[in-house]
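Please explain this structure to me, with attention to its aromatic rings and to what surrounds them.

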Amino acid sequence: MIKQQHKPTQGAAQAAKLFQSGQFIAAEAAARNALGIKPSDADALAILGLIDAQAGRFDSALKHLSRVIELSPKSADAHFNIACVFQRAGNANLAEKHYLEAIRLKPASAAFRNNLGSLYQEQRNFVLAKKYFESALSADPAHEKSVSNLYSIYRLLGATEDLEKLTQVAIARWPTHALHYIARAEALFFLGRFQEGWELYPWRFKSADKPALARTQPGLVEWSGENLIDKSVLLWTEQGPGDELMFATALPDIKRNIK
């Protein structure tokens with residue numbers, strides 16, 4: 001949920017705090033109490049709408065959030081919230097309409113532009129998705145989600161040089177985030193700069209989405225060419241079938257180099 005710019009009522013503020021901490025039942029109760037005091041409390045209605053959306057009750061969510069827009073038609077956050085729900089409910093046209101209105105009302109928001117880009121990506125309109133992800137970064141160069149989304153778009157569009165340049169900028173900004181090193185390794189592979197790519201590729205073991213073997217058998221030591229008397233080397237399939245076939249051609253070389 002995007003915070004409203006005005007100061008909410010005490011009841012709505014409590015509901016928002018509970019919602020943001022994941023206490024949805026308590027948040028709903030607090031929001032309904034706030035509405036009992038002030039039936040036109042837009043912030044409390046927004047909380048109810050977001051809770052319903054969280055539970056997949058989209059019709060009820062849209063009813064509450066539509067009422068919020070009636071009460072606060074110039075609220076960029078209200079348009080953004082209902083756009084998110086329309087997108088989840090599968091109504092791309094209305095989602096697009098409200099994202100665009102949210103951007104018009106708050107043009108500096110990277111989150112609004114990023115979400116619209118995600119909507120276009122879902123529709124496989126990669127050119128427009130690229131436009132809005134890039135504009136999100138123009139609005140906020142530190143919006144990391146837009147960087148991640150642009151990686152996907154550049155791959156899909158075959159914009160390998162743009163991908164490589166973006167990873168350079170991202171690594172400078174987030175030097176400890178594995179995501180960007182992995183994306184850079186992939187870009188370097190695409191560009192034929194294999195040695196540089198392989199040097200960075202071990203970062204995948206530091207990412208949240210580690211290779212399956214690293215998740216199930218943590219702490220395995222990488223073989224660096226030392227003597228393997230009374231030991232063995234474990235090889236595993238990590239990539240897709242095409243890569244597995246390619247890497248399998250290296251098995252004879254590995255066997256010859258085992259001492």
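Buried means under 20% relative accessible area, exposed over 50%, and partly exposed in between, with a 1.4 Å probe and protein chains only. H180 has a relative accessible area of 0%, so this residue is buried. The model is predicted: local features need pLDDT of at least 70, side-chain atom pairs count only at pLDDT 80 or more, and totals for chains, interfaces and linings use all residues. Residues are numbered from 1 along each chain as its sequence is written, and side-chain values use heavy atoms, leaving out hydrogens and water.

H180 belongs to helix 11 (residues 178–190); helices are DSSP runs of H or I with at least four residues, numbered from the N terminus. Leaving aside residues up to four places away in sequence, H180 touches E144, V147, Y151, T167, A170, I171 and W174, where contact means heavy atoms within 4.5 Å. The ring of W174 also has the charged end of R173 over it, 5.9 Å from the ring centre. Such a charge counts if NZ of Lys or CZ of Arg is within 6 Å of the ring centre and within 35 degrees of the ring normal.

There are 8 aromatic pairs in the structure. Rings of Phe, Tyr and Trp (its six-membered ring) pair if their centres lie within 6.5 Å; planes under 30 degrees apart are stacked, over 60 edge-to-face, and the rest tilted. F80 and F112 are stacked, at 4.7 Å centre to centre with 25° between the planes. This pair joins helix 5 (residues 76–89), which holds F80, to helix 7 (residues 110–122), which holds F112, 32 residues apart. Both F80 and F112 are buried.

Methods
Helix = DSSP H or I, 4+ residues; strand = E, 2+ residues; numbered from the N terminus.
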